[in-house]
Amino acid sequence: MEGQELPCVLIDCIGGRHGVYEDHAEFLRERFCLITMKEYLENKSFLGKKIRAIYMWYHKPVINEELLQSLPNLKIVASSGAGVDHLDLNLLSSYGVKVSNTPLIVSTDTADLGMALMLASSRRLVEGHQMAISPDTEYFPANWLGVEVSGATLGIIGMGTIGYKVAERAKAFEMKILYHNRKQRNKEEERAVGAIYCKKIDDLLQQADFVMLAVKLTPQTHKLIGKRELQLMKPTAILINISRGLVVDQDALVEALQSKVIKAAALDVTYPEPLPRDHPLLKLKDVLLTPHIGSATVKTRHLMKENMTESIQAGRSSGTTALRWDLE
């Protein structure tokens with residue numbers, strides 16, 4: 001690209017809590033002229049016309065109509081991760097702006113984490129670790145027990161790319177796999193993992209020992225799991241959420257755990273993130289929480305960066321408005 005002006009790409013910032021990683025920024029600078037939000041706000045009239053793409057990392061920068069109006073030559077928003085619930089797709093489409101995300105890249109790591117949460121919660125690994133290192137521990141009680149995963153029934157809600165990869169892993173644990181999805185998978189795919197389709201979510205909830213949520217957040221899945229759904233689950237069941245916090249009614253979940261309607265919950269996602277430090281979920285011993293780390297591995301984050309870069313390069317030259325996202 002020697003002798004050519006690099007295309008201008010808007011980012012939130014570099015480093016810090018939610019900024020583009022510094023080593024990623026070095027990679028991006030070889031291909032784009034990076035403009036931070038601070039730089040843009042200091043010279044909107046000049047830089048607004050030059051920006052061709054937005055590189056959205058950790059849902060930043062926030063995109064609204066005011067920003068879109070000030071970026072007349074914007075062609076594409078490249079967003080990291082699988083979800084697009086943080087974007088107003090209709091608004092972006094009305095401005096002729098394309099959207100890309102990285103759903104396939106994050107699926108393997110997220111499925112791995114789903115299995116990790118299931119194993120850690122069922123076998124009480126965090127409690128066991130605390131017991132093993134506690135200065136007050138004098139012996140390990142013989143009646144300190146977890147529940148088995150191998151041979152148990154797993155209900156997967158959302159059999160998209162992530163949900164299917166969870167099923168592939170669960171098959172190795174000889175689990176009975178039920179799933180609920182907007183559309184039934186074809187018979188060959190079902191046979192490959194031994195999955196049984198439940199047209200009604202209620203049938204899955206009543207049978208599963210573990211219920212794993214792997215759906216996209218949409219108006220239809222907002223608080224998909226509420227008081228009624230939790231009451232349908234077994235009192236020995238464990239709820240695992242690797243999708244979005246708002247898929248679960250958290251007030252109903254707290255009540256269900258406190259009253260022993262279900263046994264436990266393992267959550268990689270909540271709302272908000274992080275939870276307020278006085279939130280009741282933080283005080284329940286039968287809750288395992290991780291800080292939204294489904295895709296948080298070095299390799300996957302590098303692949304996300306490369307995929308977003310390719311999307312920007314393709315999106316700048318394409319004249320067709322195309323939304324690249326998938327809903328379970």
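**Note on a predicted model: buried sites and salt bridges**

1. Start with Asn101. A polar atom of its side chain lies 2.8 Å from the backbone oxygen of Ala82. The model is predicted, and the distance is computed from it.

2. Where does Asn101 sit? The residue is in the loop between strand 5 (98-100) and helix 6 (103-122). Its relative accessibility is 1%, so Asn101 counts as buried.

3. Helix 6 also carries Asp112, which lies in that helix. Asp112 forms a salt bridge with Arg169, with 2.6 Å between the closest N and O atoms. Arg169 belongs to helix 8 (residues 161-172), so the pair ties together parts that are 57 residues apart in sequence. Asp112 has 37% relative accessibility and therefore counts as partly exposed.

4. How many salt bridges does the structure hold? The count is 13. In general, side chains of opposite charge can pair when their charged atoms come close.

5. Glu30 and Arg31 form another of these salt bridges, the closest N and O atoms being 3.1 Å apart. Glu30 counts as exposed because its relative accessibility is 56%. Arg31, at 23%, counts as partly exposed.

6. Glu229 and Arg228 also meet through their side chains in a salt bridge, at 3.3 Å from N to O. Is Glu229 buried or exposed? At 12% relative accessibility, Glu229 counts as buried. Arg228, at 42%, counts as partly exposed.

7. Now Met131, a residue of helix 7 (residues 125-133). Its relative accessibility is 19%; the cut-off for buried is under 20%, so Met131 counts as buried.

8. What does Met131 touch, leaving aside its neighbours within four places in sequence? The contacts are Thr137, Phe140, Pro141 and Trp144. Lys165 is another matter: from Met131 it is 34 residues away in sequence and 33 Å away in space, C-alpha to C-alpha.

9. On annotation, UniProt lists residues 115-294 as "domain: D-isomer specific 2-hydroxyacid dehydrogenase NAD-binding", in an unreviewed entry. Over residues 115-294 the chain is 32% helix and 16% strand. The end C-alpha atoms of that stretch are 11 Å apart.

Technical notes. Residues numbered from 1 in each chain as written. Predicted model: local features only at pLDDT ≥ 70, side-chain atom pairs only at ≥ 80, totals over all residues. Heavy atoms only, no water. Helix = DSSP H or I, 4+ residues; strand = E, 2+ residues; numbered from the N terminus. Buried < 20%, exposed > 50% of the residue type's maximum accessible area, 1.4 Å probe, protein only. Contact = heavy atoms within 4.5 Å. UniProt positions renumbered as here; feature names shortened; annotations may be inferred. Polar contact = N/O pair within 3.5 Å; in protein donor to acceptor, adjacent residues only side chain to side chain. Salt bridge = Lys/Arg side-chain N within 4 Å of Asp/Glu carboxyl O.
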